[in-house]
2 protein chains.
Amino acid sequence: MKFRRSERIIDMTYYLLEHPHQLVSLTLFAERFGSAKSSISEDLAIIKETFEKRGIGTLQTVPGAAGGVKFYSRVNEQSAKDFIVDLCRQIENPERLLPGGYLYIMDLLGHPRIMNHVGKLLASAYAGEKIDAIMTVAAKGIPIAHAIASHLNVPVVVVRRDSKVTEGPTVSINYVSGSTKRIQAMVLSKRSLKEGSRVLLVDDFMKGGGTINGMISLLAEFNASVAGIAVLVEAEYPERLINDYISLVKLKDVNEKEAAISVVEGNYFSKNIDFLQEETK
Amino acid sequence: MKFRRSERIIDMTYYLLEHPHQLVSLTLFAERFGSAKSSISEDLAIIKETFEKRGIGTLQTVPGAAGGVKFYSRVNEQSAKDFIVDLCRQIENPERLLPGGYLYIMDLLGHPRIMNHVGKLLASAYAGEKIDAIMTVAAKGIPIAHAIASHLNVPVVVVRRDSKVTEGPTVSINYVSGSTKRIQAMVLSKRSLKEGSRVLLVDDFMKGGGTINGMISLLAEFNASVAGIAVLVEAEYPERLINDYISLVKLKDVNEKEAAISVVEGNYFSKNIDFLQEETK
């Protein structure tokens with residue numbers, strides 16, 4: 001069977017997008033298409049250039065006999081800005097206001113395109129880190145954790161408030177909620193996380209940081225360490241327990257009486273993220 | 001700025017994969033690349049042929065002034081078979097056995113590549129249906145629901161066992177668990193589902209079918225209807241409450257004493273799924 005270059009690059013584009021952060025040997029592609037490695041290298045050069053120009057990501061070439069190519073999801077700064085501005089605009093819609101000053105964001109968490117974009121932005125921020133797993137708390141953090149995981153190609157582990165029979169033996173800890181100061185429990189299945197893992201902690205919303213702190217305590221029980229902390233929305237909070245985190249959106253103020261929500265971009269752009277270069281027009 | 005064909009088809013491949021089940025006008029691509037629509041049409045013909053040959057999906061062309069092209073995730077039968085055989089082999093590992101005959105499958109639900117493949121298979125099965133939303137029960141069904149949603153480009157709504165302050169007003173129902181005959185509650189945020197929606201119900205595991213039946217009762221409260229029912233694993237069960245569903249894997253028997261799990265493929269291949277044609281070698 002003979003493949004034209006256009007067929008090869010469509011198939012390779014798909015394959016690389018489906019296998020991020022994974023070394024793909026040139027031999028795999030060469031055999032897949034019955035092509036010389038030199039042709040595959042040329043194809044990959046075109047894909048790399050286009051991926052970077054179009055804000056899709058980048059390819060890293062690993063030389064040598066055991067070498068190959070790795071795809072990393074990355075974004076360019078302007079498209080990240082545009083997305084976050086749009087997210088802020090959506091979140092400050094006063095219809096989201098719930099009694100007690102809470103915000104309804106289940107629709108955003110349930111929207112696959114938005115979640116994929118959130119995942120891509122946060123995965124870009126951690127593209128250079130060694131991450132073995134992503135941890136979140138059931139249930140609202142799960143879509144964000146999976147969205148990031150699909151770009152970083154690492155497993156998701158889910159912490160619960162109570163243990164379930166389908167989880168097997170669990171490790172449980174108590175923690176103090178940062179904002180309400182109540183003591184709560186957190187449970188993780190023993191077999192869900194390997195000892196010594198480097199873990200990215202993820203949640204949809206962070207106020208006092210108690211939930212994130214609970215996850216950190218839980219990591220200690222697994223001799224695991226924090227590789228990073230990423231949240232979709234952080235709320236303005238005086239003495240937060242957590243400092244080193246990335247947020248996409250910051251909730252400045254919620255005025256229930258006036259039905260006004262004030263939202264600004266989070267600290268994403270103050271982090272030293274290696275953005276793709278803008279396309280020159 | 002000038003684009004070569006290879007650049008155009010890489011970018012269009014990415015764009016289409018990111019926008020499944022959505023009409024994309026040729027004008028969008030023509031303007032994006034400063035190309036004639038006739039060139040774009042040629043590019044799309046190459047992409048369609050390659051997508052079908054390589055088991056990626058298909059493109060449907062909608063003619064006319066308001067026309068364009070739609071991408072649908074689809075699979076070929078052999079790759080679906082291979083995936084399900086591998087899933088069965090993974091699930092029948094006796095190390096998954098938990099006290100009470102339960103199976104540990106959190107690792108599969110946390111694995112982004114497996115979830116994406118599960119989502120692709122189940123989305124393929126419902127590619128021709130009108131689906132407005134996907135509904136699941138927190139927390140284990142969420143990764144599967146999102147995996148399907150990302151291929152069908154529809155929102156996910158999450159039913160909970162108890163209501164949370166961040167969900168606003170909720171609708172609650174009681175239902176009888178199919179296998180344990182206990183009465184349980186199910187809660188859905190009122191604003192999460194539009195009246196009259198056609199909904200795909202999704203869960204990780206189905207035994208008696210009580211949870212699915214609970215979701216059906218909940219749909220009635222929203223004047224919504226069932227567009228389909230999809231589960232990852234069904235367990236052998238005598239008088240199930242649910243008949244018309246799709247499962248990838250069927251749990252025939254769990255023998256705790258012998259530490260033996262018997263797993264076979266689910267009813268996926270007995271459904272009339274429109275598979276992509278095999279690649280001819």
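Trainee: What is the accessible surface of chain A, and how much of that surface belongs to carbon and sulfur atoms?

Mentor: In this predicted model, the accessible surface of chain A comes to about 12,000 Å², and carbon and sulfur atoms account for 48% of that area.

Trainee: How many of the residues in chain A are buried, as a percentage?

Mentor: Of the 281 residues in chain A, 56% are buried, where the word stands for a relative accessible area under 20%. The C-alpha atoms of the chain fill a box of roughly 65 × 50 × 30 Å along the principal axes, and the secondary structure comes to 8 helices and 12 strands.

Trainee: What share of the contacts in chain A joins residues at least 24 apart, and which contacts are considered for that figure?

Mentor: The figure considers contacts between residues at least 6 apart in sequence, and 63% of these join residues at least 24 apart.

Trainee: How many positive and negative side chains does chain A have, and how far apart are the centres of the two sets?

Mentor: Chain A has 34 positive and 33 negative side chains, with the centres of the two sets lying 4 Å apart.

Trainee: Why is A:Asp11 called buried?

Mentor: The relative accessible area of A:Asp11 is 1%, and the cut-off for buried is under 20%, so A:Asp11 is buried. This aspartate is placed in helix α1, residues 5-18 of chain A.

Trainee: What makes the approach of A:Asp11 and A:Arg32 a polar contact?

Mentor: The side chains of A:Asp11 and A:Arg32 are joined at 2.6 Å, and a polar contact requires a pair of N or O atoms within 3.5 Å, one able to donate a hydrogen and the other to accept it; the pair is therefore counted as a polar contact. Beyond the residues up to four places away in sequence, A:Asp11 touches A:Arg32 and A:Phe33, and also B:Thr50, B:Arg54 and B:Ile56 of chain B.

Trainee: Why is B:Ser6 also described as buried, and where does B:Ser6 lie?

Mentor: B:Ser6 lies in helix α1, residues 5-18 of chain B, and the relative accessible area is 12%, which is under 20%, so B:Ser6 is buried. Leaving aside neighbours within four places in sequence, B:Ser6 is in contact with A:Ile9 and A:Ile46. Its C-alpha atom is separated by 27 Å from that of B:Ala66, 60 residues apart along the chain.

Trainee: Why is A:Asn153 called partly exposed rather than buried or exposed?

Mentor: A:Asn153 has a relative accessibility of 22%, and partly exposed covers the values between the buried limit of 20% and the exposed limit of 50%, so A:Asn153 counts as partly exposed. The residue lies in the loop between α7 and β6 (156-159) of chain A, and has a positive phi of about 60 degrees although it is not a glycine.

Trainee: Which residues of chain A are joined by a cis peptide bond?

Mentor: A cis peptide bond joins A:Ala138 and A:Ala139, with omega about -5 degrees, and A:Ala139 is in the loop between β5 (133-137) and α7 (142-152) of chain A. In chain B, a cis peptide bond joins B:Ala138 and B:Ala139, with omega about 0 degrees.

Trainee: Which residues of chain A does UniProt list for "domain: Bacterial purine repressor N-terminal"?

Mentor: The unreviewed UniProt entry lists residues 4-72 of chain A under that name; over this span the chain is 57% helix and 16% strand.

Notes
Residues numbered from 1 in each chain as written. Chains lettered and ligands numbered in written order. Predicted model: local features only at pLDDT ≥ 70, side-chain atom pairs only at ≥ 80, totals over all residues. Heavy atoms only, no water. Helix = DSSP H or I, 4+ residues; strand = E, 2+ residues; numbered from the N terminus. Buried < 20%, exposed > 50% of the residue type's maximum accessible area, 1.4 Å probe, protein only. Contact = heavy atoms within 4.5 Å. Areas by Shrake-Rupley, 256 points an atom, 1.4 Å probe, with all protein chains shown as cover. Lys, Arg positive; Asp, Glu negative; His and termini not counted. Charge placed at Lys NZ, Arg CZ, Asp CG, Glu CD. UniProt positions renumbered as here; feature names shortened; annotations may be inferred.
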